[in-house]
Number of protein chains: 2
Amino acid sequence: MDRLCIHTATTRPLSLDLALEVYAEAGVTGITVWRDALAGRDPQTAGRRIASAGLAPVSLCRGGFFVSPEEAVRKRAILDNETALREAAEIGAPLVVLVCGADTAVPLPAARDQIAAGIQSLLPLAEDLNVKLAIEPLHPMYADTRSAVNTMRSANDLCERIAHPMVGVAVDVYHLWWDPELESEIARCGDRVLAFHVCDWRSPTRDLLTDRGLMGEGCIPIRRIRSWVEATGFDGFIEVEIFSTEYWAQDQRSYVDRIVSAYREHV
Amino acid sequence: MDRLCIHTATTRPLSLDLALEVYAEAGVTGITVWRDALAGRDPQTAGRRIASAGLAPVSLCRGGFFVSPEEAVRKRAILDNETALREAAEIGAPLVVLVCGADTAVPLPAARDQIAAGIQSLLPLAEDLNVKLAIEPLHPMYADTRSAVNTMRSANDLCERIAHPMVGVAVDVYHLWWDPELESEIARCGDRVLAFHVCDWRSPTRDLLTDRGLMGEGCIPIRRIRSWVEATGFDGFIEVEIFSTEYWAQDQRSYVDRIVSAYREHV
């Protein structure tokens, strides 16, 4: 239990305060804060609430979205990522997770160039604040509008291109489980693994965005992937990130109990 | 126009006879026959109808589905693939396209072993009939139940493992467009490219199976991918394969005219 973290987006109907209460009662020890959960709040105060609830602020979700055909939009994205880095520092989180972005008007190779440039421009502030940046490769079904980085190989290539100790990777089983190269590319990633996200792939999947399953409900070999991640030396939190209209409609206290059981049994 | 082929599944509401009439009137010169369009018909008679309509039978779709935890099911799949090979020969098609299969109860590496074994067992009949087998890598979002082969690299690895002149690859832009390795893996494929399928990726995509777009309606760089395919020496048919509840609900004659225009403009 000392490694179990839940994303606020997993229990989206709960306010941050209620999430803290429910997670703590269930014995969860880490929280990843989505920026919508901070909306209208002072991040430092939120950080103190997290600490006094006894939870570790694992990361802030999410920065990124560096890709656009318009330079002005890309510049605004950088400013917004700088805000995210400051918010992360204020709540005490050591990491911002990046959904790197994609745009149907930008060819994928150019999109990857824009992503590299965007991350590079954030490095001085990331260093100043001591907040790392995790590139999260997203499932190829999101290559049109969410991320032009869709495999561990591609994320590793990007890390090596940027070559900076503040930049690493978030490994999410949902996006990557199908890849025959996953084991070798996680090994290649080494100590650049900064985060590990779990959930499951429902079969059939009824929606491209909001039909993720609880661990054990799908076909992802979560334990095997966890063993690959831990073979790199990673011993950080295991983060439950589930977007599900089905689960969001249920009682969130019982749902968190189910998450804890699924974590014990299938992760 | 002498390279334009349409899949019967693209105009699913049309019977084979009607499809032949509509395609021929629109100037389409090739047809890929899905097995449901042959149901209850004698394949040799269907082959004569195709020939007398002036269309080339480009391929039969689809064989495969080699993966199951049960040996009896795998054996039945082989028999069914043998039937597909015979049907292809009878309608005069030189190729059977393989959707290789996947099963949530079979880990992906084992699934790939079953696929290799399944294809190998078909080789003697494929040689006898002179009908080739095309491994079609499917988008990773189908890795749970449709195919454990989800990239060109994986399809190339499988071809090299089987190493037989009757086995190659079907390149479908819908499944592969997002892959940073696509250009180099198509080049690696070389003269193993046996088929080229086009459509487009709609953004947003509203359904995992039946929301493909007409060429030009989405974000796939079809012309660029076509240039990579043709750089291998491929000069066969360009096959329009679109599964779309939206288009199936429309008048199929006008739809075929739109396909012809989209082909001229965007392929």
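Biologist: Which residue stands opposite I6(B) in strand 8 of chain B?
Modeller: The model is predicted; local features need pLDDT of at least 70, side-chain atom pairs count only at pLDDT 80 or more, and totals for chains, interfaces and linings use all residues. Residues are numbered from 1 along each chain as its sequence is written, while chains are lettered from A and ligands numbered from 1 in the order in which they are written. In chain B, strand 1 (residues 4-7) and strand 8 (residues 238-240) run parallel and are joined by 3 bridges. The residue of strand 8 of chain B that stands opposite I6(B) is V240(B).

Biologist: In what order do the 8 strands of chain B close into a barrel?
Modeller: Strands (E, at least two residues) and helices (H or I, at least four) are DSSP runs numbered from the N terminus, and two strands pair if DSSP finds at least two bridges between them. In chain B, strand 1 is joined to strand 2 by 3 bridges in a parallel arrangement, with C5(B) opposite G30(B). The pairing in the barrel of chain B is parallel, and its 8 strands follow the order 1-2-3-4-5-6-7-8.

Biologist: What does the twist average from one strand to the next?
Modeller: Axes are lines fitted to C-alpha atoms, for helices over the stretch in contact, and angles run from 0 to 180 degrees between N-to-C directions. For the barrel of 8 strands in chain B, the average twist from one strand to the next is 30°.

Biologist: About what angle does the direction of helix 3 of chain B make with that of strand 3 of chain B?
Modeller: Two residues are in contact if their C-beta atoms, placed from the backbone, lie within 7 Å. Helix 3 (residues 71-91) of chain B packs on the sheet and touches strand 2 (30-34), strand 3 (56-64) and strand 4 (95-99) of chain B. With the direction of strand 3 of chain B, the direction of this helix makes about 175°.

Biologist: Which residues point the other way from G30(B), T32(B) and W34(B) in strand 2 of chain B?
Modeller: A residue is buried if 20 or more other C-beta atoms lie within 10 Å of its own, exposed if 12 or fewer, and partly exposed in between, with C-beta atoms placed from the backbone. Strand 2 of chain B is largely enclosed by the rest of the structure, because 5 of its 5 residues are buried. In a regular strand the side chains alternate between the two faces of the sheet. G30(B), T32(B) and W34(B) point one way, and the residues that point the other way are I31(B) and V33(B).

Biologist: How many residues of strand 6 of chain A are buried?
Modeller: Strand 6 (residues 167-172) of chain A pairs with strand 5 (residues 132-135) of chain A in the parallel sense over 3 bridges. G168(A) in strand 6 of chain A has A134(A) opposite. Strand 6 of chain A is mostly covered, its buried residues being 6 of 6.

Biologist: Is N130(A) buried or exposed?
Modeller: Although N130(A) is not a glycine, its phi is positive, at about 60°. N130(A) belongs to the loop between helix 4 (108-129) and strand 5 of chain A. Since 10 other C-beta atoms lie within 10 Å, N130(A) is exposed.

Biologist: Which residue does a cis peptide bond join to S203(B)?
Modeller: The bond has an omega of about 0°.

Biologist: What radius of gyration does chain A have?
Modeller: The radius of gyration is taken over C-alpha atoms, and the globule rule is 2.2 Å times the number of residues to the power 0.38. The C-alpha trace of chain A spans about 45 × 40 × 35 Å along its principal axes, and 54% of its 267 residues count as buried. For 267 residues a compact globule would have a radius near 18 Å, which agrees with the value for chain A, 17 Å.
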